Amino acid sequence: MSEEYGAGQIQILEGLEAVRKRPGMYIGSTSSRGLHHLVYEIVDNAVDEALAGVCTSILVQINPDNSITVMDNGRGIPVGIHPTKGIPAVEVVFTILHAGGKFGGGGYKVSGGLHGVGASVVNALSEWLEVMIYKDGKVYKQRYERGKVMYALQEIGTCEPERHGTTVSFLPDKQIFEETVYDYSILQNRLREMAFLTKGLHICLKDEREEKREESYCYEGGIKEFVTYLNGSKNPLYDKVLYCEAMKDNVFVEVAFQHNDSYTENIYSFVNNINTPEGGTHL
Ligand code: TTJ
């Protein structure tokens, strides 16, 4: 019994060791781009919860030490024991590579980052990562360092029974990343875009470093408002933004456009909230 558990643990560590050995394979790069990508990987999980209709608000905070906190008001990552892995589901999410609906199975995942590798990769590439879950009047917490479990999932207290959600904080590992200082405007642009692409979702970005800043985004009009925003610095030829949407074979498509007086056209296309700068059949 304990031997079996030991073998499982070794497998888990091997999985995350692979990520630390070749981080580029999992997040594209270890430059500033990869550093920011960590945030999107975590935020994507919260956006998925919003797309499922059970999360209305996401907060992203840059802390004074350049660690990041992402908080949502979704259902909270499940804490029950995983039927085959024998550990709480939340521990599976953070310690097993490719855990989640996207690879092999469920297929619930509809948003996704550039590489879509998820929370375990962020965990593997962080000096530390802490997750707190608010669910059924209880607060749960677990901490990891460079992907390794520091203690079993703990019930650390109680909360108001109506409170629910997930809070994840992490510090990108200076052994891995060439750049570990977050750029507010990079996060700002991507989070604003995510808010445009996910109608009605509140996204707040907060900088708690020396120069305090914060921005809040929520667009009831979705991509229609995105077009208004993009044409904000141009001269539109008419007032209305043209918009249509349709569903066919379980695929939802929406289009918004408005002409302006410039010579060059700007077309932005997205699939499952991911920018597709080279277009494709969908476009
Ligand atoms: C999964 O299905 C049952 C109910 O909870 C679902 C879930 O996992 N929800 C969820 C995950 N909400 N928020 C997250 C989440 C949020 C952050 C910030 C980071 C991660 C890895 C997950």
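1. **Ground rules.** This is a predicted model, in which local features need pLDDT of at least 70 and side-chain atom pairs count only at pLDDT 80 or more, while totals for chains, interfaces and linings use all residues. Residues are numbered from 1 along each chain as its sequence is written, and side-chain values use heavy atoms, with hydrogens and water left out.

2. **Overall picture.** The chain has 7 helices and 13 strands (DSSP runs numbered from the N terminus: helices are H or I with at least four residues, strands are E with at least two). Of the 283 residues, 45% are buried (under 20% relative accessible area with a 1.4 Å probe and protein chains only; exposed is over 50%, and partly exposed is in between). Among contacts with a separation of 6 or more, 60% join residues 24 or more positions apart (contact means heavy atoms within 4.5 Å).

3. **The core.** The largest nonpolar core holds 57 residues, and Val-39, Ile-68, Val-90, Phe-94, Phe-170, Tyr-182 and Leu-187 touch the most other members. Helix 3 (residues 32–51) gives the most to this core, with 9 residues. Such a core is a set of buried Ala, Val, Leu, Ile, Met, Phe, Trp, Tyr and Cys residues joined through side-chain atoms within 4.5 Å. Beyond four places in sequence, the contacts of Phe-170 include Leu-38, Val-39, Ile-42, Ile-68, Trp-128 and Tyr-182.

4. **Helix 3 itself.** This helix is mostly covered, with 16 of its 20 residues buried. Its end C-alpha atoms are 28 Å apart, which agrees with the 28 Å that its 20 residues should span at 1.5 Å a residue (the expected span is 1.5 Å times one less than the number of residues). Gly-53 follows helix 3 and has a positive phi, near 85 degrees.

5. **The largest pocket.** Its volume is about 1700 Å³, and of its 38 lining residues the closest to the centre are Ile-223, Glu-254, Val-255, Tyr-268 and Ser-269. For the method, a pocket is an open set of points on a 1 Å grid over the protein atoms alone, where a 1.4 Å probe fits, with protein on both sides within 12 Å along at least five of seven lines; lining residues have an atom within 4 Å of a point. The volume is the space filled by probe spheres set on the points.

6. **Who lines it.** Strand 11 gives the most to the lining, with 7 residues. Helix 6 (184–197), helix 7 (223–230) and strand 12 (270–271) are among the elements that each supply at least two. By class, the lining has 20 nonpolar, 14 polar and 4 charged residues.

7. **A loop to look at.** Asp-249 lies in the loop between strand 10 (242–248) and strand 11, and Asn-250 is in the loop between strand 10 and strand 11 as well. Asp-249 has a positive phi of about 50 degrees, and phi of Asn-250 is near 65 degrees. Most residues other than glycine have a negative phi. Asp-249 is exposed, with a relative accessible area of 69%, and Asn-250 is exposed with a relative accessible area of 69%.

8. **Two long-range pairs.** Glu-130, in strand 3 (residues 126–135), is 37 residues from Thr-167 in sequence and 8.1 Å from it in space, C-alpha to C-alpha. Ile-27, in helix 2 (residues 23–27), is buried at 3% relative accessibility.

Terms used:
Nonpolar A, V, L, I, M, F, W, Y, C, P; charged D, E, K, R; others polar.
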